[in-house]
Amino acid sequence: MDGTLLDSEKLWDLALRELAAEYGRELTEEVRHALIGAAGPTAFRILFEGLGIEHTPESVEYGTAWMERRVTELFAGPVPWRPGAREALDMVRAAGIPMALVTNTKRSLAELGLDTLGREYFAATVCADEVPHGKPAPDLYLRAAELLGVAPDNAVAIEDSPTGAAAAQAAGCALLVVPCEVAVPDAPGRTFRESLIGLTVAELEDLLPVRAGS
């Protein structure tokens, strides 16, 4: 969702910098980049360690509530789309291919993003607080494949971050990477695209092993 379909990482960036300021700290680019794609508990561990704040249940509870309140405010209006994302969703839906939204964002905030995206595109949506482990663990993608009724190796994941890419590959999905805020390392099994503009069904099908002849 964030960074792949919606250009919402900038909203998360603003909220994180404001939260750091609440603690009298400044968010560095190194810490900010490490947070992209991270799930809630892991994200707060990275954030607090980077800011030099004690990581306690109380501090996490406060930070979680603060972030949810601020991000809810920022997501209140329409969120900008990533280039080509709306057209890509239309193209896949028109081809009759079922889609799942797989996000490390918690359900309450993902619902705000779905207000912009449109729930009608997705046969299933899976959020980080609905599985035992968020990305980079494979749980989210395994659950999405289960809900879609397909084997993970017959599914294509589209990701924008190193964390998301690792999760998709750990689940056994074919992978298309469209980087957003941070670079994603090249690695076997990863196909890269600069944007979703002009994406075709044939490109997605060619990523699957059965089509690639492997």
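Which residues have the most contacts inside the largest nonpolar core?

**View 1. The largest nonpolar core of this predicted model.** Leu47, Met67, Leu117 and Phe122 have the most contacts inside this core, which has 49 residues. A nonpolar core is a set of buried Ala, Val, Leu, Ile, Met, Phe, Trp, Tyr and Cys residues joined through side-chain atoms within 4.5 Å. Buried means under 20% relative accessible area (1.4 Å probe, protein chains only). Domain 1 (8–75) and domain 2 (85–207) both contribute residues, so the core lies between them. The domain bounds come from an automatic or database assignment.

**View 2. Leu117 and its contacts.** Leu117 touches Met1, Leu5, Leu6, Trp81, Leu89, Leu101 and Phe122, leaving aside residues up to four places away in sequence. Contact means heavy atoms within 4.5 Å.

**View 3. The two domains.** The C-alpha centres of domain 1 and domain 2 are 24 Å apart. In domain 1, 13 residues are in contact with 14 residues of domain 2.

**View 4. Helix 4 against helix 6.** Helix 4 (residues 57–74) and helix 6 (residues 107–117) pack at about 10°, axes 10 Å apart. The axes are lines fitted to C-alpha atoms over the stretch in contact, and angles run from 0 to 180 degrees between N-to-C directions. Helices are DSSP runs (H or I, at least four residues), numbered from the N terminus. Glu68, Val71 and Thr72 of helix 4 meet Ser108, Leu109 and Leu112 of helix 6.

**Notes.** Residues are numbered from 1 along each chain as its sequence is written, and side-chain values use heavy atoms, without hydrogens and water. In this predicted model, local features need pLDDT of at least 70 and side-chain atom pairs count only at pLDDT 80 or more, while totals for chains, interfaces and linings use all residues.

Technical notes: Helices (H or I, at least four residues) and strands (E, at least two) are DSSP runs, numbered from the N terminus. Buried means under 20% relative accessible area, exposed over 50%, partly exposed in between (1.4 Å probe, protein chains only).
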